[in-house]
Structure formats: structure tokens, C-alpha cells
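Dear colleague,

Please find the structure we discussed below, together with its sequence. My notes on the domain interface follow it.

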Amino acid sequence: MLEIAKQLASFRAIDERVSTSTKVIGIGSGSTIVYAVQRLAERFKQESLPIQACIATSFQAQQLILEAGLPLGTLNQYPLIDVAFDGADEIDTSLNCIKGGGACHLQEKLVASNAKLFYLVADHRKDSKVLGTQWKQGVPIEVTPMVYVAVMQKIKTMGGKPTLRMAAKKAGPVVTDNGNFVIDADFGEICDPAALNVQLIGVPGIVETGLFCNMVNGVYFGLPDGTVKAV
């Protein structure tokens, strides 16, 4: 049922937010985005949509775009994106969200921040009143490797419980597409994610956080009963 919910949410988002005037599209990362790319490719071929480029947020997204036969571009080629789609790990009632479970949040935020419109697609489990209520793995923080220990110490002084994310199929830590490490910092329930984000970004060595605040224009949640809730 979860996969069906993801598919329904993704299909509706693509159907409602992509039109013949949409030229450049940001493509997020994760399991839900697979369905968004699938639907986008179907419409691209069936309706001859005049898409000029799809901008990837990760190696995974790049491969999805190429395998679907969609045109691939870069932010340097297309610095202004018409609309971007992505998944999320948790979304609060103000449409702030935590991203980065897949360690792609730096490039995801770069794409989202350069999009005129930014929409999330997710299943109902990601719907939350306050960030940190359901997503217990902490806020993903991309950090320069040479200073990760010092950054972890500073996060502790801010009330966080940091953990260096370790890789599953290699010895050592996860390394992002940008060559950085990822720290997962548990701050409990986050009542003011924007303030926390500003505080974290001010720490030298932190490249980017997985807190996306005041960036999302709408969310499509796939529900267990087969319907989609648009927020």
C-alpha cells in the first residue's frame, strides 16, 4: 500500500503542476521520486511536452532522468527552474521539512532554492505536526570531513545529539556526492526549525543542513485509502 500511495501522490503532482509552459524541471531523490519521473516520462512522450531540461539533485536522480529518456541539464546551464519535485523524511504543518535521509540534501536544497515552485510528494507517514515527532534519525548535516569532530562538539553545545553516519556497504562513513561526511543530529521535537537552521549554518565546517524552511509551495500526501491529500 505504501508504494501505491507514493505512486498516486507523485502522479497527481506531475499531472497538476507540469504543463506545456513548463520547460525546466528539478528532479529530487529517493524512492517516491521514481514514480514522479515515471509519470513525467510518460507525459513527455505521449503529449510531446516541450521540456528543455531536467535538473538532477543526485547521482540517483541523474540516472533516473537518463533511463527515462528525459533531457538532462545542469544548474549552470539552467539557473532558473520552473518547478521542482522532491520527497521528504518528515513535513510539519507549516510545510517545513527534514530531508537528507539519502544524503542528497545539499544538491536538493540548491535545486529547490533556484526553483520558482517547489512541491513535495510523500506517503502519509511523513505528515507531522512538529518536525522530530516521527523522524527520529535526527537532522542530516553535511560537513567538511577535516572538521567533523569539532562540528559534533559544537552541536552538543546546542542541545543536539550528533552521530556520524556510517556506510552500509563500505568501511567508514557515508561520503556524499560532494565528497563530504553526514552527521545526523537529534534535537528532539523542533518547534522552530528556521531558527535552528540559521544556528547550524553559522557553524564553520557545516556545508548545509537537511532543514528546508519556508521553501515548499505545496505537498501531495498519498493516503492509505488510495486518495491523495494536497496541502
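Taken over C-alpha atoms, the centres of domain 1 and domain 2 are separated by 24 Å. Please note that this is a predicted model. Domain 1 comprises 1-129 + 213-230, while domain 2 covers 139-210.

Regarding the extent of the interface, 17 residues from domain 1 and 18 residues from domain 2 take part in the contact. The size of an interface is often expressed as the accessible area lost when the parts come together. Here, the area buried between domain 1 and domain 2 is about 1200 Å², and carbon and sulfur atoms give 57% of that area. On the side of domain 1, His105, Leu106 and Lys109 supply 42% of the area buried against domain 2, more than any other three residues.

As to specific interactions, seven residue pairs are in polar contact across the interface of domain 1 and domain 2, with both residues at pLDDT 80 or more. The count of salt bridges between the two domains is one. Lys109 also forms a salt bridge with Glu208, in which the closest N and O atoms are 3.0 Å apart.

By class, the side of domain 1 that touches domain 2 consists of six nonpolar, eight polar and three charged residues.

Yours sincerely

Definitions and conventions
Residues are numbered from 1 along each chain as its sequence is written. This is a predicted model: local features need pLDDT of at least 70, side-chain atom pairs count only at pLDDT 80 or more; totals for chains, interfaces and linings use all residues. Side-chain values use heavy atoms; hydrogens and water are left out. Domain bounds come from an automatic or database domain assignment. Contact means heavy atoms within 4.5 Å. Buried area is the accessible area (1.4 Å probe) that two parts lose on being put together, summed over both. A salt bridge is a side-chain nitrogen of Lys or Arg within 4 Å of a carboxyl oxygen of Asp or Glu. A polar contact is a pair of N or O atoms within 3.5 Å; within protein, one must be able to donate a hydrogen and the other to accept it, and residues adjacent in sequence count only if both atoms are side-chain atoms. Ala, Val, Leu, Ile, Met, Phe, Trp, Tyr, Cys and Pro count as nonpolar, Asp, Glu, Lys and Arg as charged, and the others, Gly among them, as polar.
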